Amino acid sequence: MSKIKEAFRKGKAFIPFITCGDPDLETTAALVRAAVANGADLIELGIPFSDPTAEGPVIQAANIRALSGGIKTDQIFEFVRDMRRDITVPMVFMTYANVVFSYGAAGFISTCRELGIDGLILPDLPFEEKGEFLPLCREQGVDLISMIAPTSEDRIGMIAREAEGFIYLVSSLGVTGVRSRITTDLSAIVQVIRENTSVPVAVGFGISTPDQAKKMAAVADGVIVGSAIIKLMEQYGKESAEPVGAYIKSMKEAVSQAAAHPDLPAGPDV
Amino acid sequence: MSQGRFGIHGGQYIPETLMNAVIELEEAYNHYKQDPDFNRELTELLNEYAGRPSRLYFARKMTRDLGGAKIYLKREDLNHTGAHKINNVLGQALLAKKMGKTRLIAETGAGQHGVATATAAALLDMECVVFMGVEDTVRQALNVYRMRLLGAEVIPVATGTGTLKDAVSEAMREWTSRISDTHYCLGSVMGPHPFPTIVRDFQAVISREIREEMLKKEGRLPDAVIACVGGGSNAIGSFYHFIGDESVRLIGCEAAGRGVDTFETAATIATGRVGIFHGMKSYFCQDEDGQIAPVYSISAGLDYPGVGPEHAYLHDIGRAEYVPVTDDEAVNAFEYLARMEGIIPAIESAHAVSYAMKLAPAMSEDKIIVITISGRGDKDCAAIARYRGEDIHE
């Protein structure tokens, strides 16, 4: 088992998403440190992809900024290796199937293990296709994160039963990006998930305000925020660590106000 | 492993949000493709509305001029809306209607698929939104006007390279956000299963007709069938009923742009490698990190960094050959066919004509080549004039 479950043992988890290399890796390093200092329980590191079909305009733009800076997959690996000297919080990579496939899945996933990357989120790899990477992930102890969407319906049980690490519950239809309202009946979906697995559930897509985060944390075990953070990065560029840190602090406080997952034993306070 | 594989290619590499939508589509398709009422309705639309069967025309002057194999042209350019795209669109639109969908979305490159989708939507009383790369809205301004005239909304896509691949990405994003009333009417034999199969089946009418007509006219099968390949729908449609006949060479012509030794190319099989993108595993133009390459071709309809998974498979097993044709060669063929036969082909189809011009003289006079003229070239006249240094605008 990877370290991912630890992220959910201290109450509701807050999971920030950061695109690596936007605008450069020095900034990404500062952002990761700021996220940890302000209570992030797990960090989702985005490896940029040229054509991210599951992303809205904000994260698309972050991918383009990072790639136009010339970022390479191997540089991101070196960056993580460097961060892992002192950062112990669980980290997962979020990228697209072609980035892994093109690198060579075996090499990519064994490097994840070696770097201390705990999981892998590939939004264009649904349940039916995970056989491509799952055996390699299992061999290396890297959790291949499953996604469940509002349209999953009869697929929820099937996906949940085989889920590892945590389940990424997509809050609403569409691509990533800030939404003013989330109307999906998430508690009904979470209930079906709970009937099938004890793996924690984190909700993402569209969450930006502490109020939304608190509501989402009340029905799930954690909250994932990407676009709202990327917007701050877009605004502050290389100076974004401080405002992002302050934002993460407010979001972590909001999610902490909801009660913890009943099935997960409390871990040591870290 | 998922369904919809062609060797290692194909599959369903899409967000979970869309999985039930493609499963529902597959179930509906498997039901309706065997439904006599559906097939009767579709055949009636294809024949009475789109003008099928299309002609298999013996290009006598071209044959004599090239001095080799006999050349036949499969005239998909004579279909209503001016291209083969209508074959697939009428099938998908009718299917979507049966599924209770009220809205069609589509991507388009040259605009031919967008025009066909807008046409079917008008005919079947459906709402229509077409995504088109902003570069292409400039290159193919006339088709943008046609789509709007037909009642469709055209959304220019400015992300990425502002071409076909970005239009596909944006249509996929749109489908993710609105599924219940919307069918994504994909225009080529690409994307996640079941699209490569559905589109192929609807386009297979091309090779069925070539086969029947050729047997009638010549009493035998052709020796080669040549078609242009972007995503590859007219090519797979032209090849399909000949795949089992090893004596028939199947030749797909890719857009080489300024040449396969330059970065300004869209020749996927010549320059790409296996990857996963737009819902499928296939060949893609990409860099060493798997970032999709910004491809280029004079032809907006072939300006795509991937190729349909069945073509990737036919290439792998050596059943079909894929050859690159440059902008220059395609433009020469565009002009050649206009003067020689009085037929102005789409610049996409001109890629196939160009290769036939090389192949025919190398074959003996008792051999037969079929070239699929996938579309008409009116839409390209202004762009080709500009390519030749004449500053005309539509």
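Modeller: The account below begins with the core and then turns to the contact between the chains. This is a predicted model, in which local features need pLDDT of at least 70, side-chain atom pairs count only at pLDDT 80 or more, and totals for chains, interfaces and linings use all residues. Residues are numbered from 1 along each chain as its sequence is written, while chains are lettered from A and ligands numbered from 1 in the order in which they are written.

A nonpolar core is a set of buried Ala, Val, Leu, Ile, Met, Phe, Trp, Tyr and Cys residues joined through C-beta atoms within 7 Å; buried means that 20 or more other C-beta atoms, placed from the backbone, lie within 10 Å of the residue's own. The largest such core has 231 residues, and those with the most contacts inside it are A:L169, A:A202, A:V223, B:I226, B:A356 and B:I369. Its largest share, eight residues, comes from helix α15 (residues 347–359) of chain B, helices being DSSP runs of H or I with at least four residues, numbered from the N terminus. Beyond its neighbours within four places in sequence, A:V223 is in contact (C-beta atoms, placed from the backbone, within 7 Å) with A:F14, A:I15, A:A202, A:V203, A:I207, A:A213, A:M216, A:A217 and A:V255.

As for the two chains, their contact takes 33 residues from chain A and 29 residues from chain B. On the side of chain A that touches chain B, the largest share, six residues, is supplied by α4(A).

Terms used
Helices (H or I, at least four residues) and strands (E, at least two) are DSSP runs, numbered from the N terminus. A residue is buried if 20 or more other C-beta atoms lie within 10 Å of its own, exposed if 12 or fewer, and partly exposed in between; C-beta atoms are placed from the backbone.
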